[in-house]
Amino acid sequence: MRPHPHDPAHPPAHRRHRPPPRPHQDAPPHHVATWALPHDPAVVTEARRRTTEQLTGWGLAEAAFITELIVSELVTNAIRYGKPPIRLRLLRTDTTLTTEVTDHSSTSPHLRHAHTYDENGRGLYLIAQLTQRWGTRHTPTSKTIWTEQTLM
């Protein structure tokens with residue numbers, strides 16, 4: 001028997017991983033950190049450093065290692081496949097840390113399973129394993145890849 005199309009216990013496939021609305025639009029400014037990043041591979045190290053400093057300042061140092069991996073992957077992908085300008089944003093609530101990387105390309109990433117000797121293709125798989133949710137949000141001129149981590 002097929003579930004009723006409006007049954008919240010069985011959402012349609014297109015709604016199961018639906019991106020959240022603009023997360024934390026009304027978040028206090030001290031719960032949001034944003035950086036404009038140059039379109040340069042050397043900036044990945046700086047993005048990880050800024051992330052760790054911000055999380056430490058928020059008292060979330062325990063989330064720094066995983067968040068650095070997420071930032072490294074998303075910023076690298078934005079530089080490699082996206083278009084400038086690039087923006088990194090961290091948003092926190094009492095229970096969730098959201099990481100967003102925005103670039104001005106419409107190309108969406110695809111989760112794939114890399115073969116043993118492939119040099120690429122593992123990053124989004126890693127992100128899917130380390131976060132509770134992730135997705136893509138599009139505007140007419142850009143895209144944002146976002147992840148959510150549950151804070152303990």
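A: From the N terminus on, the elements of the chain follow the order α-β-α-α-β-β-α-β-β. That makes four helices and five strands. The model is predicted. Of the chain's 152 residues, 37% count as buried. Its accessible surface comes to about 9,600 Å², and carbon and sulfur atoms account for 55% of that. Take the contacts between residues at least 6 apart in sequence: 61% of them join residues at least 24 apart.

Now the sheet. Five strands form an open sheet, in the order E1-E2-E3-E5-E4, with antiparallel pairing. Strand E1 (32–37) and strand E4 (133–138) stand at the edges. Each has a single partner strand, so one side of each is left without a neighbour in the sheet. On average, neighbouring strands of this sheet are turned by 15° against each other, direction ignored.

The strand to look at is E3, residues 96–103. In the sheet order, E3 stands between E2 and E5. Start with E2, residues 86–92. E2 and E3 pair in the antiparallel sense over six bridges. The two form a hairpin, with three residues between them. Within this pairing, Leu 90 stands opposite Thr 99 in E3.

Turn to the other partner. E5 covers residues 143–150. E3 and E5 run antiparallel and are joined by eight bridges. Two of the partners can be named here. Val 101 has Ile 145 in E5 as its bridge partner. Leu 97 has Gln 149 in E5 as its bridge partner.

How many of the residues of E3 are buried? Eight of its eight residues are, so the cut-off matters: buried means under 20% relative accessible area. In a regular strand the side chains alternate between the two faces of the sheet. In E3, one side holds Thr 96, Thr 98, Glu 100 and Thr 102.

H3 lies across E1, E2, E3 and E5. It runs at about 15° to E3. H3 spans residues 64–81, and H4 spans residues 123–130. The axes of these two helices come within 10 Å and cross at roughly 145°. The crossing of H3 past H4 is left-handed. On the H3 side, the residues in contact are Ile 66, Leu 69, Ile 70, Glu 73, Leu 74 and Asn 77. They meet Gly 123, Leu 124, Ile 127 and Leu 130 in H4. By class, this contact has seven nonpolar, two polar and one charged residues.

Finally, follow the chain onward from E3. Ser 108 lies in the loop between E3 and H4. Its relative accessible area is 23%, so Ser 108 is partly exposed. Leaving aside neighbours within four places in sequence, Ser 108 is in contact with Thr 136, His 138 and Lys 143. Ser 108 and Lys 143 are 35 residues apart along the chain, and their C-alpha atoms are separated by 7.7 Å. Lys 143 belongs to the range of E5, which is a partner of E3 in the sheet.

How values were computed
Residues are numbered from 1 along each chain as its sequence is written. This is a predicted model: local features need pLDDT of at least 70, side-chain atom pairs count only at pLDDT 80 or more; totals for chains, interfaces and linings use all residues. Side-chain values use heavy atoms; hydrogens and water are left out. Axes are lines fitted to C-alpha atoms, for helices over the stretch in contact, and angles run from 0 to 180 degrees between N-to-C directions. A crossing is left-handed if the near helix is turned anticlockwise from the far one by less than a right angle, and right-handed if clockwise. Contact means heavy atoms within 4.5 Å. Ala, Val, Leu, Ile, Met, Phe, Trp, Tyr, Cys and Pro count as nonpolar, Asp, Glu, Lys and Arg as charged, and the others, Gly among them, as polar. Buried means under 20% relative accessible area, exposed over 50%, partly exposed in between (1.4 Å probe, protein chains only). Two strands pair if DSSP finds at least two bridges between them. Accessible areas come from the Shrake-Rupley method with a 1.4 Å probe; for residues, only the protein chains shown count as cover.
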